[in-house]
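Please read the following alongside the sequence and the coordinates. The text takes the helix packing in turn and then some single residues.

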Amino acid sequence: MNVSEYYTYLSAAREQLWNYLRALPQADLDRDLIESGDRFHSIKDLVLHVTDVEDHWVHSVARGDGVNREGRYAHDWVKPDAAQYDLSWIIDYGREVNERTRTFLESGPDMNRSVKLVQDDPASDTVTLDQLFWHVMTHEVRHTAQIALMIRQLGHTPPWLDYMRFARPQVTAAQSGGVDGLGLDDDGDDL
């Protein structure tokens with residue numbers, strides 16, 4: 001699997017999660033379920049944080065044009081206190097970051113390109129763009145699991161966001177009676 005394929009899955013799962021969260025009571029989205037947490041306490045804090053991390057690493061660091069730099073989504077990304085924002089604002093910000101990321105991936109970037117982790121530090125460590133994307137995507141998966149747990153703590157059943165829900169099934173020769181793939185011959189004509 002490559003970054004583009006996995007990001008497509010994450011985008012679909014993210015939309016499902018956002019749609020689900022819209023139906024929850026506002027009080028549940030803002031409830032402090034991580035009382036001992038330094039920066040993040042609620043579902044909305046984590047939803048905003050996931051978007052901030054993608055915007056920071058992919059757009060601000062790797063591309064130099066983060067969405068958060070623009071006035072519409074300006075906020076304190078270090079300690080976001082997401083209760084002050086409407087969920088629809090957080091989702092709109094997430095959609096803009098998602099669209100920019102998708103457009104960037106569709107442009108065919110060099111995934112082996114080196115990216116400095118701290119732009120203004122000549123001695124900064126570097127990673128490949130591929131490594132950076134896997135970091136961002138893994139980060140989202142971890143926090144999405146945390147959000148699902150918080151949804152359960154509130155007494156709700158979270159949506160099923162596992163990869164297999166979004167993967168396209170592949171027909172094997174054994175399943176299709178000896179015909180490979182989609183049942184097309186070498187010329188692409190139906191059998």
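**Helix packing in the predicted model**

The crossing of α3 and α4 is left-handed. These helices cover residues 43–63 and residues 87–106, and they pack at an angle of about 30 degrees with their axes 10 Å apart. Because angles under 35 degrees count as roughly parallel, α3 is roughly parallel to α4. On the α3 side the contact is made by K44, V47, L48, T51, D52, E54, D55, V58, H59 and R63. On the α4 side the contributing residues are L87, W89, I90, Y93, G94, V97, N98, R100, T101 and F104. Sorted by class, this contact has nine nonpolar, five polar and six charged residues. The model is predicted rather than experimental in origin.

One residue of this contact can be followed individually. T51 lies in helix α3, and its relative accessibility is 6%, so T51 counts as buried. Setting aside residues up to four places away in sequence, T51 touches Y93, G94 and V97.

The wider setting is as follows. The protein chain has six helices and two strands, arranged along the sequence in the pattern α-α-α-α-β-β-α-α. It has 191 residues, and 39% of them count as buried. Of the contacts in the chain with a separation of 6 or more, 63% are between residues 24 or more positions apart.

Helix α4 has 20 residues, which at 1.5 Å a residue should span 28 Å, and its end C-alpha atoms are 28 Å apart, so the two values agree. After α4 comes G108, with a positive phi near 70 degrees.

Helix α5 takes up residues 129–153, which makes 25 residues. From its first C-alpha to its last α5 reaches 36 Å, close to the 36 Å expected at 1.5 Å a residue. Its buried residues are L129, L132, F133, V136, M137, H139, E140, H143, I147, M150 and I151. What covers them includes the helices α1 (3–22), α3 and α4, together with the strands β1 (114–116) and β2 (126–128). Just after α5, G155 takes a positive phi of about 90 degrees.

How does α1 meet α5? The two axes come within 11 Å and cross at roughly 25 degrees. With the limit for roughly parallel set at angles under 35 degrees, α1 and α5 are therefore roughly parallel to each other. The crossing in which α1 passes α5 is left-handed. From α1, the residues V3, Y6, Y7, L10, R14, L17, Y20 and L21 take part. They meet D130, F133, W134, M137, E140, V141, T144, I147 and I151 in α5. By class, this contact has 13 nonpolar, one polar and three charged residues.

Two residues in loops complete the account. P80 is placed in the loop between α3 and α4. At 1% relative accessibility, P80 counts as buried, because buried means under 20%. Apart from neighbours within four places in sequence, P80 is in contact with F40, L48, H75 and Y85. F40 is 40 residues from P80 along the chain, and their C-alpha atoms are separated by 8.0 Å.

D110 is found in the loop between α4 and β1. Its relative accessible area is 49%, so D110 is partly exposed. The C-alpha atoms of D110 and L129 are 7.5 Å apart, and the two residues are 19 residues apart in sequence.

Note on methods
Residues are numbered from 1 along each chain as its sequence is written. This is a predicted model: local features need pLDDT of at least 70, side-chain atom pairs count only at pLDDT 80 or more; totals for chains, interfaces and linings use all residues. Side-chain values use heavy atoms; hydrogens and water are left out. Axes are lines fitted to C-alpha atoms, for helices over the stretch in contact, and angles run from 0 to 180 degrees between N-to-C directions. Helices (H or I, at least four residues) and strands (E, at least two) are DSSP runs, numbered from the N terminus. Angles under 35 degrees count as roughly parallel, over 145 as roughly antiparallel, 65 to 115 as roughly perpendicular and the rest as oblique. A crossing is left-handed if the near helix is turned anticlockwise from the far one by less than a right angle, and right-handed if clockwise. Contact means heavy atoms within 4.5 Å. Ala, Val, Leu, Ile, Met, Phe, Trp, Tyr, Cys and Pro count as nonpolar, Asp, Glu, Lys and Arg as charged, and the others, Gly among them, as polar. The expected span of a helix is 1.5 Å times one less than its number of residues. Buried means under 20% relative accessible area, exposed over 50%, partly exposed in between (1.4 Å probe, protein chains only).
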